[in-house]
Amino acid sequence: QWLDEAQYQIGEAHYQQLRRAELDQKETREALVYFYQFIDDNPTSPLVDQARARILDCRSRLAKKLYQAGELYHKQKHLEAAKLTFNDLILSYPDTPWYFHGVARLGEVYLGQGDESRARAFWDEVLLDSDDEKLKKQVQKLVFEADAPTEE
């Protein structure tokens, strides 16, 4: 009768060992495996909603790690590496709060590569679909700066 709770607690044990996003994410990946397995094995358990919340938190942590890596590449002017990293983020973690941050930064990378129309497409997505008002203000500022005439 305690099997589902015991199985959930295995995932929880790994979850309790999670490290900050910028560190190794082995425990995060292990927690995900156990929580997914728990849901597959116990779809009617009352703990399924908690497991799903843990999964989203773990996925958000992995997305944040990718975001931070992309930021680092961008700051170091490794635009292709930044583009690949932010693309990986938005393709792999669209269900996380980091999705729109990645989309916004991908726009910055494209602008840095001289592709203003592609940058605007990413920024438009953020402005239209994101609920994050702070991020939307940052993107509006980027759009304004891109529209500003340059002095030559």
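Buried means under 20% relative accessible area, exposed over 50%, and partly exposed in between, with a 1.4 Å probe and protein chains only. The model is predicted: local features need pLDDT of at least 70, side-chain atom pairs count only at pLDDT 80 or more, and totals for chains, interfaces and linings use all residues. Residues are numbered from 1 along each chain as its sequence is written, and side-chain values use heavy atoms, without hydrogens or water.

A salt bridge places a side-chain nitrogen of Lys or Arg within 4 Å of a carboxyl oxygen of Asp or Glu. By this rule there are 13 salt bridges. One of them joins E133 to K136, with the closest N and O atoms 3.9 Å apart. The two residues are three apart in helix α7, about one helical turn. Helices are DSSP runs of H or I, at least four residues, numbered from the N terminus. K136 counts as buried at 15% relative accessibility. E133 is partly exposed, at 49%.

K141 forms a salt bridge with E145, again in α7. The closest N and O atoms are 3.9 Å apart. K141 is exposed at 53%, whereas E145 is partly exposed at 45%. Salt bridges with shared partners join E71, R105 and E108 into one network.

A nonpolar core is a set of buried Ala, Val, Leu, Ile, Met, Phe, Trp, Tyr and Cys residues joined through side-chain atoms within 4.5 Å. The largest holds 39 residues. F35, F38, F86, L89, W123, V126 and V139 touch the most other members. Helix α3 (48-75) gives the most to this core, with eight residues.
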